[in-house]
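Please find below my notes on the model you sent for comment. They are set out as numbered points, to be read beside the sequence and the structure.

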Amino acid sequence: MSLVRLNIKGISYSQTQNGAYALILSEVDGERKLPIVIGAFEAQSIAIALEKEIKPPRPLTHDLFKNFADHFDIVVKQVIIHKLVDGVFYSSIICERDTIEEIIDARTSDAIALALRFKAPIFTYKNILDKAGIYLKTQKKKEATTEQEEAVIEELLAGDDKESVAPKLSEDFSKFSLKELNEMLDQAVADENYEKAAAIRDEISKR
């Protein structure tokens with residue numbers, strides 16, 4: 001079976017389902033997207049890894065694993081989403097130490113959080129993408145509109161399966177000055193409220 005490389009397109013969150021997040025992966029040489037429902041903690045961890053300028057004061061679980069692996073010269077070479085059963089994705093982490101390769105079973109959300117920290121590529125098999133990938137196109141052009149994509153993701157998040165760049169918050173940060181935003185960002189990081197920190201960082205980037 002042929003492997004297809006994936007990139008992380010972002011994280012989406014449900015407007016109606018509280019605490020529901022979808023990690024959106026997209027194929028590198030194609031137009032399909034692979035949405036995976038994940039938990040709030042994993043969404044936060046992935047969002048922090050994507051937001052390079054947000055540094056937690058203490059290591060999160062996935063950061064701790066990275067530090068542990070670095071200390072013992074363990075390298076994550078790649079992550080493969082290798083199975084889809086009853087709507088649940090299964091993944092493997094391909095690790096290497098002293099030229100010896102090991103395959104470790106992992107939840108997909110954890111595997112991707114680690115792949116980001118190790119800068120490791122993410123793959124899935126073509127048959128999984130054929131089965132679960134979303135391919136949206138309008139009559140005029142072969143690309144998904146934001147409205148179409150959000151509708152499909154919202155439908156996905158309405159389900160019960162749990163195993164969107166940073167999760168959005170309802171709070172409006174546009175009324176604050178840059179100085180206030182930077183102070184709020186520092187405070188959010190200190191409080192370990194990384195979802196809020198990511199949202200504030202987005203507002204700062206817009207300026």
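How many nonpolar, polar and charged residues are found in the lining of the second largest pocket?

1. The model is a predicted one. In the second largest pocket, the lining is made up of six nonpolar residues and eight charged residues, with no polar residue. The space in this pocket comes to about 290 Å³. Its lining has 14 residues, and those closest to the centre are Ile48, Ala49, Lys55, Asp63 and Arg117. Three helices each supply at least two lining residues: helix 1 (40–50), helix 2 (61–71) and helix 3 (108–118).

2. Two of the residues named in point 1 are also partners of each other. Arg117 and Asp63 form a salt bridge, with 2.6 Å between the closest N and O atoms. Arg117 belongs to helix 3 and Asp63 to helix 2, so that the pair links parts of the chain that are distant, 54 residues apart. Are these two residues buried or exposed? Arg117 has a relative accessible area of 12% and is therefore buried, the limit for this class being under 20%. Asp63 is also buried, because its relative accessibility of 18% falls under that 20% limit.

3. Side chains of opposite charge can pair when their charged atoms come close. The structure holds eight salt bridges. One of them joins Arg107 to Glu42, with an N to O distance of 2.5 Å. This pair also connects distant parts of the chain, since Arg107 is in strand 6 (residues 100–107), Glu42 is in helix 1, and 65 residues separate them.

4. Glu42 counts as buried because its relative accessibility is 9%, under the 20% limit. Arg107, at 41%, counts as partly exposed, because this value lies between the 20% and 50% limits.

5. Another salt bridge is formed by Arg32 and Glu27, whose closest N and O atoms are 2.9 Å apart. Both of these residues are buried. They also belong to a network of salt bridges that links Glu27, Arg32, Lys126 and Asp130.

6. What is the order of the strands in the open sheet? The seven strands follow the order 3-2-1-7-4-5-6, and their pairing is mixed. Strand 3 (33–38) and strand 6 are the edge strands, each of which pairs on one side only. From one strand to the next, the twist averages 35°.

7. Strands of a sheet pair through backbone hydrogen bonds, either parallel or antiparallel. Strand 4 (75–85) and strand 5 (88–97) run antiparallel and are joined by nine bridges. Within this pair, Gln78 stands opposite Ile94 of strand 5. Strand 5 and strand 6 also run antiparallel, with eight bridges between them, and Ser92 stands opposite Asp105 of strand 6. By contrast, strand 4 pairs with strand 7 (residues 122–125) in the parallel sense, over three bridges. Here Val79 stands opposite Ile122 of strand 7.

8. Which residue takes a positive phi in the hairpin of strand 4 and strand 5? The residue is Asp86, with phi near 55°, and the hairpin has two residues between its strands. The value is positive although Asp86 is a residue other than glycine. Asp86 counts as exposed because its relative accessibility of 71% is over the 50% limit.

9. A further positive phi, of about 65°, is found at Thr99, which is not a glycine either. Thr99 lies in the loop between strand 5 and strand 6. With a relative accessible area of 72%, over the 50% limit, Thr99 is therefore exposed.

10. Asp86 is located in the loop between strand 4 and strand 5.

Key:
Residues are numbered from 1 along each chain as its sequence is written. This is a predicted model: local features need pLDDT of at least 70, side-chain atom pairs count only at pLDDT 80 or more; totals for chains, interfaces and linings use all residues. Side-chain values use heavy atoms; hydrogens and water are left out. On a 1 Å grid over the protein atoms alone, a cavity is a set of points where a 1.4 Å probe fits but cannot get out, and a pocket is an open set with protein on both sides within 12 Å along at least five of seven lines; lining residues have an atom within 4 Å of a point. Grid points are joined across faces, edges and corners, and a volume is the space filled by probe spheres set on the points. Helices (H or I, at least four residues) and strands (E, at least two) are DSSP runs, numbered from the N terminus. Ala, Val, Leu, Ile, Met, Phe, Trp, Tyr, Cys and Pro count as nonpolar, Asp, Glu, Lys and Arg as charged, and the others, Gly among them, as polar. A salt bridge is a side-chain nitrogen of Lys or Arg within 4 Å of a carboxyl oxygen of Asp or Glu. Buried means under 20% relative accessible area, exposed over 50%, partly exposed in between (1.4 Å probe, protein chains only). Two strands pair if DSSP finds at least two bridges between them. Axes are lines fitted to C-alpha atoms, for helices over the stretch in contact, and angles run from 0 to 180 degrees between N-to-C directions.
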